[in-house]
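Dear colleague,

Please find below the sequence and the structure that I am handing over to you. My notes on what was found follow directly after.

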Amino acid sequence: MRRILTFLKIFRYDLLVMLVALRHRDTPKQIKGLLIVAILYLVSPIDLIPDTIPVLGIMDDAVIVPAAVCGLTRLLPGHVRYYAEHRADQIIRYVPVMMLIASLVVLAWLGLLAYGLFKLFF
């Protein structure tokens, strides 16, 4: 279980690096295109193994997309990768604050929904 959590943390960091590199002007267009294809594959209903097969359907997404992101991260030019990693380190410091703010927004929406339903029925 510890290996899986470590892998997910590495994947999260690599994905953040790739998203920062996606906005950099020196990132090759082929890498940008392949990253977009990998993200589209993740959300696309068309898969190599259909999602209707209980475990294998999700496993192909869980293997192909992280492998693509990891491989594309290694293909980045040196100065782009350095910039993206530096910027990702700055962004990752604020993730707990962003999660707290997002949680508060979701709780506020749920509160407003509950209030509206209460007023609607009572």
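In the largest nonpolar core, which has 15 residues, Met18, Val69 and Leu76 touch the most other members. A nonpolar core here is a set of buried Ala, Val, Leu, Ile, Met, Phe, Trp, Tyr and Cys residues joined through side-chain atoms within 4.5 Å. Buried means under 20% relative accessible area, exposed means over 50%, and partly exposed lies in between, with a 1.4 Å probe and protein chains only. At least two residues of this core come from each of H1, helix H2 (29-43), helix H3 (56-75) and H4. The most is given by H1, with five residues. As a general point, nonpolar side chains in soluble globular proteins tend to be buried together.

Please note that this is a predicted model, in which local features need pLDDT of at least 70 and side-chain atom pairs count only at pLDDT 80 or more, while totals for chains, interfaces and linings use all residues. Residues are numbered from 1 along each chain as its sequence is written, and side-chain values use heavy atoms, with hydrogens and water left out. The pLDDT is the predictor's confidence in each residue, from 0 to 100. Its average over the protein is 85, and 94% of the residues score at least 70. Confidence is lowest in helix H1 (residues 2-23), at a mean of 79, and highest in helix H5 (residues 95-121), at 93. Helices (H or I, at least four residues) and strands (E, at least two) are DSSP runs, numbered from the N terminus.

Contact means heavy atoms within 4.5 Å. Leaving out residues up to four places away in sequence, Val69 touches Phe11, Asp14, Leu15, Met18 and Leu35. Thr73 is found in helix H3 and is buried, with a relative accessible area of 2%. With residues up to four places away in sequence again not counted, Thr73 touches Asp14, Val17, Met18 and Arg81.

Pro77 is found in the loop between H3 and H4. At 23% relative accessibility, Pro77 counts as partly exposed. Its contacts, not counting residues up to four places away in sequence, are Asp26 and Pro28. From Pro77 to Ala67 there are 10 residues in sequence and 18 Å in space, C-alpha to C-alpha.

Helix H2 has 15 residues and reaches 21 Å from its first C-alpha to its last, close to the 21 Å expected at 1.5 Å a residue. The expected span of a helix is 1.5 Å times one less than its number of residues. Which residues of H2 are buried? They are Ile31, Leu35, Ala38 and Tyr41. The arc is that of the directions from the helix axis to the C-beta atoms. The face turned away from the buried side of H2 carries the exposed residues Lys29, Val37, Leu40 and Val43. Ile39, also found in helix H2, is partly exposed, with a relative accessible area of 35%. The C-alpha atoms of Ile39 and Pro28 are separated by 17 Å, at 11 residues apart along the chain.

For helix H4 (residues 78-92), the 15 residues should span 21 Å at 1.5 Å a residue, which agrees with the 21 Å between its end C-alpha atoms. Val80, Ala84 and Ala88 are buried in H4. Seen down the axis of H4, the buried residues fall within an arc of 65°, so they line one face of the helix. Gly78 and Tyr82 are exposed on the other side of H4.

Arg23 lies in helix H1 and counts as exposed, at 78% relative accessibility. The C-alpha atoms of Arg23 and Ala84 are separated by 9.4 Å, although these residues are 61 residues apart along the chain.

Leu100 is found in helix H5 and is exposed, with a relative accessible area of 52%. The C-alpha atoms of Leu100 and Ile39, 61 residues apart along the chain, are separated by 26 Å.

One aromatic pair is found in a search of the whole structure. The ring centres of Phe118 and Phe122 are 5.3 Å apart and the ring planes are at 45°, so the pair is tilted. Rings of Phe, Tyr and Trp (its six-membered ring) pair if their centres lie within 6.5 Å; planes under 30 degrees apart count as stacked, over 60 as edge-to-face and the rest as tilted. Phe118 counts as partly exposed, at 49% relative accessibility, whereas Phe122 is exposed, with a relative accessible area of 74%.

With kind regards
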